[in-house]
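Here is a briefing on one protein model. Please look at the sequence and structure first, then read the points below.

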Amino acid sequence: MEEVIQKLSEIETTAQQIMDEAELQKQALAENLKKRIQDYDQTTEAESSARIAQIRKDLETSKESQLADLNQKTAHILAGLDDYYAKNHQKLAQEIFHKITKI
């Protein structure tokens with residue numbers, strides 16, 4: 001009987017050691033996983049920030065290009081209107097005068 005109790009005590013001690021070792025491994029794995037997650041988050045954040053900066057730069061370049069194109073088109077249209085007015089301002093003034101005097 002004494003021997004059975006001794007064996008059970010040894011088994012319990014061994015089981016406790018195994019459980020303690022498993023808990024230590026679990027903590028080590030949890031810390032390792034936490035570190036890997038932090039590293040991944042930092043890497044992802046850095047890559048995202050770089051990508052966002054590049055997209056903003058590209059959008060700014062596109063905006064400037066479109067704005068320059070729009071300014072050029074507007075200047076061309078205004079030049080055409082000025083030319084039309086210079087050639088036809090007398091006729092336009094007479095048409096306006098006739099419309100006003102007909103009323």
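Predicted model: local features only at pLDDT ≥ 70, side-chain atom pairs only at ≥ 80, totals over all residues.

## Briefing

The mean positions of the 14 positive and 19 negative charges of the protein lie 21 Å apart.

Residues are numbered from 1 along each chain as its sequence is written, and side-chain values use heavy atoms, without hydrogens and water.

**Overall form**

- The protein has 1 helix and 0 strands. Its radius of gyration is 42 Å, well over the 13 Å that the globule rule gives for 103 residues, so the protein is more spread out than a compact globule.
- That radius is taken over C-alpha atoms, and the globule rule is 2.2 Å times the number of residues to the power 0.38.
- Helices (H or I, at least four residues) and strands (E, at least two) are DSSP runs, numbered from the N terminus. Helix α1 covers residues 2-102.
- Along the principal axes, the C-alpha atoms fill a box of roughly 130 × 30 × 10 Å.
- M19 and H89 are 70 residues apart in sequence. Their C-alpha atoms are 100 Å apart in space.

**Exposure**

- Buried residues make up 0% of the 103 residues. Buried means under 20% relative accessible area, exposed over 50%, and partly exposed in between (1.4 Å probe, protein chains only).
- Accessible areas come from the Shrake-Rupley method with a 1.4 Å probe; for residues, only the protein chains shown count as cover.
- M19 lies in helix α1. At 55% relative accessibility, M19 is exposed.

**Nonpolar patch**

- V4, L8 and I11 make a nonpolar surface patch of about 290 Å².
- Patches are made of residues with over 30% relative accessible area and no salt bridge; like charges are joined within 9 Å, nonpolar side chains (Val, Leu, Ile, Met, Phe, Trp, Tyr) within 5 Å.
- L8 sits in helix α1. Its relative accessibility is 52%, so L8 counts as exposed.

**Salt bridges**

- The structure holds 4 salt bridges. A salt bridge is a side-chain nitrogen of Lys or Arg within 4 Å of a carboxyl oxygen of Asp or Glu.
- Side chains of opposite charge can pair when their charged atoms come close.
- D39 pairs with K35 in a salt bridge, with the closest N and O atoms 3.0 Å apart. The two residues are 4 apart in helix α1, so about one helical turn separates them. D39 is partly exposed at 32%, and K35 is partly exposed at 46%.
- K63 and E60 form a salt bridge at 3.2 Å, N to O. They are 3 residues apart in helix α1, again about one helical turn. K63 is partly exposed at 45%, and E60 is partly exposed at 39%.
- K73 and D69 meet in a salt bridge at 3.4 Å, N to O. Both lie in helix α1, 4 residues apart, about one turn of the helix. K73 is partly exposed at 49%, and D69 is partly exposed at 34%.

Methods. Lys, Arg positive; Asp, Glu negative; His and termini not counted. Charge placed at Lys NZ, Arg CZ, Asp CG, Glu CD.
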